[in-house]
Amino acid sequence: MTETQRVENVARDKQQLVLFSAFAYGLAWTCFGLLGLSRSGLGWLPYDLSIPLMIVAGSFAPSLAALVTLRITERRWPSLNGLTLQSAVVAAIATPLLIGTTFAVIPAIILTTGPWSALQWGSLLSVSVYSVSTIIGGPLGEEPGWRGFALPRFQRLLGPASGSIALGVLWAAWHLPLFWTKAWTSSTFPSYVLMVTGLSLSMTFLFNA
């Protein structure tokens, strides 16, 4: 690769990430913002909006943003080149374990003030814990955008560690309007950023492996 090609690729990656972020935030914050301002949140708007429905709708914004950005900048749609049955099986097994460990187990151990045995670990095996917004909205709606589109570009620009941290902060801040919503999370926003950034690092490890 010549120096000119390298500079052009860097410029393209930066342009694509800016466009992707603008679309992902704009589309999602329309849904999340309306929800947060409705009676389900701050109550500034006299409407009752469904929390699961609005969250799931907004959660598809990163994947839609990736499609639109790719179409605008490269005049093409994404392909599944390189996907194998082995990688799909490994991902299906390893992903829930990594996410559960990073997002639930480690924070629970660090933040608890009592004995670890007192925590209700069995709840992680309960179907009721995994809602529609958790299964459909998160993995299917978000990940083709965050990991499928944004992560490779962040890694090329910043490397795996710094790229994962940058993506983690971008990912966490994308959820910001949901903090106006009742029963969204019991975490403070700084704690949430730390958890999501840690999850981003774990998922980059899986992605590269």
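**Stop 1: helices α1 and α3**

Select helix α1 (residues 3-37) together with helix α3 (residues 61-74), whose axes come within 8 Å and cross at roughly 140 degrees. Axes here are lines fitted to C-alpha atoms, for helices over the stretch in contact, and angles run from 0 to 180 degrees between N-to-C directions. That angle makes α1 oblique to α3; angles under 35 degrees count as roughly parallel, over 145 as roughly antiparallel, 65 to 115 as roughly perpendicular and the rest as oblique. The crossing of α1 and α3 is right-handed, a term used if the near helix is turned clockwise from the far one by less than a right angle, with left-handed used if it is turned anticlockwise.

Now show the side chains at this contact. On α1, select Arg12, Gln15, Gln16, Leu19, Phe20, Phe23, Ala24, Leu27 and Ala28. On α3, the partners are Ala61, Pro62, Leu64, Ala65, Ala66, Val68, Thr69, Leu70, Ile72, Thr73 and Glu74. Contact means heavy atoms within 4.5 Å. By class, the residues of the contact of α1 with α3 divide into 14 nonpolar, 4 polar and 2 charged. Here Ala, Val, Leu, Ile, Met, Phe, Trp, Tyr, Cys and Pro count as nonpolar, Asp, Glu, Lys and Arg as charged, and the others, Gly among them, as polar.

The model is predicted: local features need pLDDT of at least 70, side-chain atom pairs count only at pLDDT 80 or more, and totals for chains, interfaces and linings use all residues. Residues are numbered from 1 along each chain as its sequence is written, and side-chain values use heavy atoms, with hydrogens and water left out.

**Stop 2**

Remain on helix α3 and select Thr73. With a relative accessible area of 22%, Thr73 is partly exposed; buried means under 20%, exposed over 50%, and partly exposed in between (1.4 Å probe, protein chains only). Setting aside residues up to four places away in sequence, Thr73 touches Gln15, Gln16 and Leu19. A distance drawn from Thr73 to Asp13, C-alpha to C-alpha, gives 9.9 Å, although the two are 60 residues apart in sequence.

Next, select Arg75, in the loop between α3 and α4. Arg75 is exposed, with a relative accessible area of 62%. Its phi is near 55 degrees, a positive value in a residue other than glycine. Most residues other than glycine have a negative phi.

**Stop 3: Thr101 on α4**

Proceed to helix α4 (residues 85-111) and select Thr101. Thr101 counts as partly exposed at 36% relative accessibility. Apart from its neighbours within four places in sequence, Thr101 is in contact with Ile106 and Pro107.

**Stop 4: Phe154 on α5**

In helix α5 (residues 132-158), select Phe154. At 11% relative accessibility, Phe154 counts as buried. Phe154 touches Leu17, Gly159, Gly163, Ala166, Leu167 and Leu170, not counting residues up to four places away in sequence. From Phe154 to Asp13 the C-alpha distance is 8.0 Å, across 141 residues of sequence.

**Stop 5: helix α6 and its partners**

Select α1 and α6, whose axes come within 10 Å and cross at roughly 25 degrees. That makes α1 roughly parallel to α6. The contact joins Ser21, Ala24, Tyr25, Ala28, Trp29 and Phe32 of α1 to Leu170, Ala173 and Trp174 of α6. Its residues comprise 8 nonpolar, 1 polar and no charged.

Among the residues making the contact are Pro160, Ile165 and Trp171 of α6 and Phe189, Tyr192 and Met203 of α7. The contact of α6 with α7 has 15 nonpolar, 6 polar and no charged residues.

**Stop 6: the whole chain**

Finally, display the entire chain, which comes to 7 helices and 0 strands; helices (H or I, at least four residues) and strands (E, at least two) are DSSP runs, numbered from the N terminus. Buried residues make up 34% of the 209 residues. Of the contacts with a separation of 6 or more, 69% link residues 24 or more positions apart. The chain exposes about 12200 Å², with carbon and sulfur atoms supplying 71% of it; such areas come from the Shrake-Rupley method with a 1.4 Å probe, and for residues only the protein chains shown count as cover.
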